[in-house]
Amino acid sequence: DQKICFGHSIELKHVSFAYPNSSQPVLQDINLRIKRGEKIALVGINGSGKTTLAKIILGILNPDEGEILLDGKQRSENTLIDGSIVFQDFCRYFFTLQENVAFGDIGRLYEERELIQCLEAVYFFETQPGLSLDTQLGRDYAGAELSKGEWQKIALARGFFKKFNLIILDEPNSSLDPLAENKMFRRFVELLEEHTGIIITHRMGIGMIADRIIVLDHGRIVEEGTHEALMEEEGMYRQMFMIQADLYK
Ligand code: ADP
């Protein structure tokens, strides 16, 4: 497959998708324009189609109907966006710390300074100050055992290490504690600068940092806008936000 970058935008027009062997569409009539540099929070209940939409945007899946435009031109099938995606079911590789991060772009395995920077970006060494790049990971291989949150930080560092045009983080915070999560998201927004980023998340507070929030429900975009705009509507975003906010009272 060919990997390509986009200049100013990716646009989905009337995109629908169903998985093979399923008559039920997972995405229906999705219209969405993502501008370069935007930070988007993608929210919605489980099974609403968020991960599937991320895969369609990157070109991992092709839509059954509709079209995808890159900088206004139709994208051909089997073209992958030069993107980086960190899935929630990330892998733990029982290799060294260096290899674990470099698997994001194995050709740059020896770019140690950048590997360290990516680990620092996710605050990895705060809880594991004794580890170095050549530390073997995984108890099964007589290596260091990490917590789930620490493995998740490595998965994020791997996603950052890969050079990308667009990065998608699929619930990157599920194993992080609230302090790590808060710092990570602020850092994430700083790091991205002119890059485009999509965060799939259940933490509604993240919507406050994003440029735009997209709410999916049963495979359709039901709301779209800034945190302030969506809080003014009596819609799903406001409802989800208020339920979480109530837990903190
Ligand atoms: P979300 O990320 O919002 O939780 P997903 O995009 O993962 O939602 O899934 C949307 C729907 O698609 C769910 O009903 C799920 O069961 C279904 N689905 C996801 N992946 C597959 C697959 N590989 N094959 C068939 N159905 C799938």
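Colleague: What is the phi of E193, the residue that follows α6?

Modeller: This is a predicted model, in which local features need pLDDT of at least 70, side-chain atom pairs count only at pLDDT 80 or more, and totals for chains, interfaces and linings use all residues. Residues are numbered from 1 along each chain as its sequence is written, and side-chain values use heavy atoms, with hydrogens and water left out. Helices (H or I, at least four residues) and strands (E, at least two) are DSSP runs numbered from the N terminus. E193 comes after α6, and its phi is positive, near 40 degrees.

Colleague: How far apart are the end C-alpha atoms of α6?

Modeller: The expected span of a helix is 1.5 Å times one less than its number of residues. For the 15 residues of α6 that gives 21 Å, and the model agrees, because the end C-alpha atoms are separated by 21 Å.

Colleague: Within what arc do the buried residues of α6 fall?

Modeller: Buried means under 20% relative accessible area, exposed over 50% and partly exposed in between (1.4 Å probe, protein chains only). By that rule A180, E181, M184, F185, F188 and L192 of α6 are buried, whereas L179 and E190, on the other side of α6, are exposed. The arc is that of the directions from the helix axis to the C-beta atoms. Seen down the axis, the buried residues line one face of α6, because they fall within an arc of 125 degrees.

Colleague: Is α5 roughly parallel or roughly antiparallel to α6?

Modeller: Axes are lines fitted to C-alpha atoms, for helices over the stretch in contact, and angles run from 0 to 180 degrees between N-to-C directions. α5 and α6 pack at about 0 degrees, with their axes 13 Å apart. Angles under 35 degrees count as roughly parallel, over 145 as roughly antiparallel, 65 to 115 as roughly perpendicular and the rest as oblique. The arrangement of α5 and α6 is therefore roughly parallel.

Colleague: How many nonpolar, polar and charged residues make the contact of α5 with α6?

Modeller: From α5 come K153, L156 and F160, and from α6 come A180, M184, F188 and L191. Ala, Val, Leu, Ile, Met, Phe, Trp, Tyr, Cys and Pro count as nonpolar, Asp, Glu, Lys and Arg as charged, and the others, Gly among them, as polar. By class, the contact has six nonpolar, no polar and one charged.

Colleague: Within what arc do the buried residues of α3 fall?

Modeller: In α3 (residues 112–121), the buried residues are L115, C118, L119 and A121. They line one face of α3, because seen down its axis they fall within an arc of 160 degrees.

Colleague: Which residues of α1 are buried?

Modeller: Helix α1 (residues 50–58) is mostly covered, with seven of its nine residues buried. The residue just after α1, G59, has a positive phi of about 95 degrees. The buried residues of α1 are K50, T52, L53, A54, I56, I57 and L58.

Colleague: Does N21 count as buried or exposed?

Modeller: N21 sits in the loop between β2 (9–17) and β3 (27–35). Its phi is positive, near 65 degrees, in a residue other than glycine. With 87% relative accessibility, N21 counts as exposed.

Colleague: What is the phi of D29?

Modeller: D29 belongs to strand β3. At 38% relative accessibility D29 counts as partly exposed. Although D29 is not a glycine, it has a positive phi of about 50 degrees.

Colleague: Which residues does Q152 touch, not counting those up to four places away in sequence?

Modeller: Q152 lies in helix α5 and counts as buried, at 2% relative accessibility. With that exclusion, Q152 touches F90, E171, P172, N173, S174, S175 and L176.

How values were computed: Contact = heavy atoms within 4.5 Å.
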